[in-house]
Amino acid sequence: MCPRLAGAMRLGPRPATLGLLLLCAAAAGAGEAEELHYPRGEHRADYDREALLGSQEEVDEYVKLTPEEQHKRLKSIIKKIDLDSDGFLTESELSSWIQMSFKHYAMQEAKQQFVEYDKNSDGSVSWDEYNIQMYDRVIDFDENTALDDTEEESFRQLHLKDKKRFEKANQDSGPGLNLEEFIAFEHPEEVDYMTEFVIQEALEEHDKNGDGFVSLEEFLGDYRRDPTANEDPEWLLVEKDRFLNDYDKDADGRLDPQELLSWVVPNNQGIAQEEALHLIDEVDLNSDRKLSEAEILENQDLFLTSEATDYGRQLQDEYFYHDEL
């Protein structure tokens, strides 16, 4: 489960920017999506095209391309993935490309949001403009006064954390965030100077005993086992497994600040590596664990429904297929 979504469900409110809220909203249906994507464990390529090309308009644009144009643009993308120009795509090259694609589209989304948030078009987004875009009004909570209503207090806490993140992203102490600072606010995982802030924010929320670490009990939050249940629910078993096998790298039963970072920040590297391995398993016809252009073109449909081409989206984006890149 997405740690931010887990926070909303069990662990209490988390830092929330628009990007993180959207991420968790998407994660809410992750279980269902996984079943649709891999029914009975078999990869369903048409799901990628249906669900991840995006709007019907994007699908229409995709199918308008002639097979020859698809072929030409895909060959251009293959050459760009092939960093050492040896004619083959390795797991490492595919993984690096997918991670770069993730970052590119995240940055593009933030740039589009910046224009929408900058109401007066002065080149910066003020805290008031952020509030107006998010909530249609300026919200101002007293930092020192808790609210009686539980839901309102949860929202107050989220809003104050957003404000702290906004202030941290504002490096030049100006009246608002410029584009680079806005990206740091929306995607702190992509900006080095926000790393310490993200870690401290997570520790403040989860490190209940103040020892600078997050134990398994703190990781699970305020969950209490149902005394009438014979066994733990499946989600709890999954979360325990992730704590032990994914996050607690040194196996000392607690998450240090760097391990904590791997929990609260999306791990695009792992996702990219899994997709790279999946492509090699499916497309590598001669079992040499690398992909030639011929192998990819022979399996063009599969490659175009993968994250390596952002589910075909890169064929519409000159940043990826244009020869001048």
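The axes of α6 (67–81) and α7 (91–117) come within 9 Å of each other and cross at roughly 110°, the helices being numbered from the N terminus as DSSP runs of H or I of at least four residues and the strands as runs of E of at least two. This makes α6 roughly perpendicular to α7, a class that covers angles of 65 to 115 degrees, with under 35 counted as roughly parallel, over 145 as roughly antiparallel and the rest as oblique. The axes are lines fitted to C-alpha atoms, for helices over the stretch in contact, and the angles run from 0 to 180 degrees between N-to-C directions. The model is predicted, with local features reported at pLDDT of at least 70 and side-chain atom pairs at pLDDT 80 or more, while totals for chains, interfaces and linings use all residues. Residues are numbered from 1 along each chain as its sequence is written, and side-chain values use heavy atoms, without hydrogens and water.

In the pairing of α6 with α7, I77, K80 and I81 of α6 meet E93, L94 and W97 of α7, where contact means heavy atoms within 4.5 Å. By class, four residues of this contact are nonpolar, none is polar and two are charged. In this division Ala, Val, Leu, Ile, Met, Phe, Trp, Tyr, Cys and Pro count as nonpolar, Asp, Glu, Lys and Arg as charged, and the others, Gly among them, as polar.

Helix α7 also packs against α10 (residues 179–186), their axes coming within 10 Å and crossing at roughly 115°. This angle makes α7 roughly perpendicular to α10. On the α7 side the contact is made by M107, A110, K111, Q113, F114 and Y117, and on the α10 side by L179, F182, I183 and E186. Seven of the residues in this contact are nonpolar, one is polar and two are charged.

Over the whole chain, the secondary structure comes to 18 helices and six strands. Of the 325 residues, 42% are buried, the cut-offs being under 20% relative accessible area for buried, over 50% for exposed and in between for partly exposed (1.4 Å probe, protein chains only). Among the contacts with a separation of 6 or more, 59% join residues 24 or more positions apart.

The largest nonpolar core has 25 residues, and those with the most contacts inside it are L89, L94, L279, L291, I296 and F303. Such a core is a set of buried Ala, Val, Leu, Ile, Met, Phe, Trp, Tyr and Cys residues joined through side-chain atoms within 4.5 Å. At least two residues of this core come from each of α6, α7, α15 (268–283), α16 (293–298), α17 (300–304) and α18 (318–321). The greatest share is that of α15, with five residues. Beyond its neighbours within four places in sequence, L89 is in contact with I78, I81, D82, L94, K290, L291, I296 and F303. Another core, of 17 residues, lies apart from it and includes V198, I199, Y247 and L255. In soluble globular proteins, nonpolar side chains tend to be buried together.

Individual positions were examined next. Q269 is found in α15 and is partly exposed, because its relative accessibility is 49%. Residues up to four places away in sequence aside, Q269 touches S95 and Q99. Its C-alpha is 9.9 Å from that of F102, although Q269 and F102 are 167 residues apart in sequence. S292 lies in strand β6 (residues 291–292) and is buried, with a relative accessible area of 16%. S292 touches G87 and F88, again leaving out residues up to four places away.

S124, in the loop between α7 and β2 (125–126), is buried at 15% relative accessibility. With neighbours within four places set aside, S124 is in contact with F114, D118, E129, G176, L177 and N178. In helix α8 (residues 127–135), W127, E129, Y130, N131 and M134 are buried. D136 follows α8 and has a positive phi, near 65°.

Positive phi values also occur at two serines in loops. S85, in the loop between α6 and β1 (88–89), has a phi near 55° and is exposed, with a relative accessible area of 62%. S287, in the loop between α15 and β6, has a phi of about 60° and is exposed, at 58%.
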